[in-house]
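Please have the sequence and the structure open while reading.

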Amino acid sequence: MIRVELPAHLRTLARVDGEVRLDVAGLVTQRSLLDALESRYPMLRGTIRDQSTGQRRPYVRFFACEQDLSHDPPDAPLPEAVATGSDPFLIVGAIAGG
Amino acid sequence: MSQVRVLVGTRKGAFILTSDGKREKWDISGPHFAGWEMYHIKGSPADPNRLYASQSTGWHGQIIQRSNDGGRTWEPMGNKFVYEGVPGTHQWYDGTPHPWEFKRVWHLEPSLTDPDTVYAGVEDAALFISKDGGRNWDELAGLRGHGSGPRWQPGAGGMCLHTIILDPGNPNRIFVAISAAGAFRTDDAGKTWQPINRGLHSKYLPEPTAEVGHCVHHIAMHPSRPGVLYMQKHWDVMRTGDAGESWHEVSGNLPTDFGFAIDVHAHEPETIYVVPIKSDSEHFPLDGKLRVYRSRTGGNEWEELRRGLPERHCYVNVLRDAMATDSLDKCGVYFGTTGGQVYASADAGDSWAPIVHDLPTVLSVETQTLP
């Protein structure tokens, strides 16, 4: 079970409290994780990555295991600790604006 | 007894203000969508409980929300706005070509007859339509594709399509306005468009009477006279009597003809309202005194409306979509400020009082008059 932590605005939009837990089939990558997340919560489509290009939105960051994974290729495997659910995958709104 | 619902979009959420026909005591709900920029909220004329709202942030982009119960509950709808075909380029601030990029929805205009049909005016400027209650959006690409699109340029607030007016007498006729391209009209439900800027004069353009490039701030129409439009331009208040074929200036005795908002009295098609603003760079009321100006003659002759409005130290702005009227017997007039006040007049502008003082920056104000 993959654990995903959403930023506050997206928790409100998706109407969830706390972490989201997802089943991800096959290799756990940014793309497969986000596909599963958006499938469960369609209202999040377009809020984390562009719906047409699939690119991460500029003010969104991906952290896990104390690493910034934002610039990793979307099909690169995520750390084992994320894939096993021992560490959460953090979707973070960058510090910007007021 | 009739009710009024005032839909307020702000920089940090939406608020719904309701009152009975007296418009003395107000119930205030919100913030809805706290922390998000709410550019516009508008109700369907065909079903007043159907509301559409544009919600966005720089972090997470655009959301479209829909309510079927007058704003008590909301549901996220579709937010995929994709330009048709190869988007092409418009001009950037420095005059170089810049690719069209979707940024946000500035204005939502529900159909006059079908609650599930709604138009969206977006930045970078384009017009979209949904016919399924906001789930799916298609561009009416004839607007960008009619030929002048590569010459459009953003205004200071971005290159936004901010005004959409549906002709109540002709379902095929739509007017839109874009900063800073100008006004456009379709007579075939959005397939083809023509610029309607003849008579506009913009001294900041190399060719002041150019076909496109004018910074139109807002346009208003009275539904009983769909051929008459009033425009607040970057400078100049303008009027057309022939659906935009030609415009003439009606700034008359205004203390400044700069401003953003303009609207028409619900029952008097020749009575119009503007909020003069000092410019080019200040963008606050003249002498720190917030004033609405009313013309009962379709422009040119203006009277100052001041009772109940700040007399000094007022340095707010009133943005283009932040003025509206209700249609009660004595027409109500409303406007919101960048300082977070929403002022209401229950006597067509003769006197004013704030409904709320301290909201976030007000981006838009719309009203619904309910039975």
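## Backbone and interface

B:Pro31 is part of strand 3 of chain B, which covers residues 27-32. The model is a predicted one. The peptide bond that leads from B:Gly30 into B:Pro31 is cis, and its omega is near 5 degrees.

As a general rule, most peptide bonds are trans, and most residues other than glycine have a negative phi.

The second part of that rule leads to two further residues. A:Glu66 has a phi near 60 degrees, which is positive although the residue is not glycine. A:Glu66 belongs to the loop that joins strand 3 (60-64) and strand 4 (67-68) of chain A. In chain B, B:Ala348 also has a positive phi, near 60 degrees, and is likewise a residue other than glycine. B:Ala348 lies in the loop between strand 28 (342-345) and strand 29 (353-356) of chain B.

Are A:Glu66 and B:Ala348 buried or exposed? A:Glu66 counts as exposed because its relative accessibility is 85%, and exposed means over 50%. B:Ala348 is buried because its relative accessible area is 8%, and the limit for buried is under 20%.

| Residue | Phi | Relative accessible area |
|---|---|---|
| A:Glu66 | near 60 degrees | 85%, exposed |
| B:Ala348 | near 60 degrees | 8%, buried |

The next topic is the interface. How many residues of chain B are in contact with chain A? There are 17 of them, and they touch 18 residues of chain A. Together the two chains bury about 1,400 Å², with 54% of this area on carbon and sulfur atoms.

Which strands of chain B supply at least two residues each to the side that touches chain A? They are strand 6 (61-67) and strand 7 (75-76). Strand 6 gives the most, with three residues. By residue type, this side of chain B has seven nonpolar, seven polar and three charged residues.

Definitions and conventions: Residues are numbered from 1 along each chain as its sequence is written. Chains are lettered from A and ligands numbered from 1 in the order in which they are written. This is a predicted model: local features need pLDDT of at least 70, side-chain atom pairs count only at pLDDT 80 or more; totals for chains, interfaces and linings use all residues. Side-chain values use heavy atoms; hydrogens and water are left out. Contact means heavy atoms within 4.5 Å. Buried area is the accessible area (1.4 Å probe) that two parts lose on being put together, summed over both. Helices (H or I, at least four residues) and strands (E, at least two) are DSSP runs, numbered from the N terminus. Ala, Val, Leu, Ile, Met, Phe, Trp, Tyr, Cys and Pro count as nonpolar, Asp, Glu, Lys and Arg as charged, and the others, Gly among them, as polar. Buried means under 20% relative accessible area, exposed over 50%, partly exposed in between (1.4 Å probe, protein chains only).
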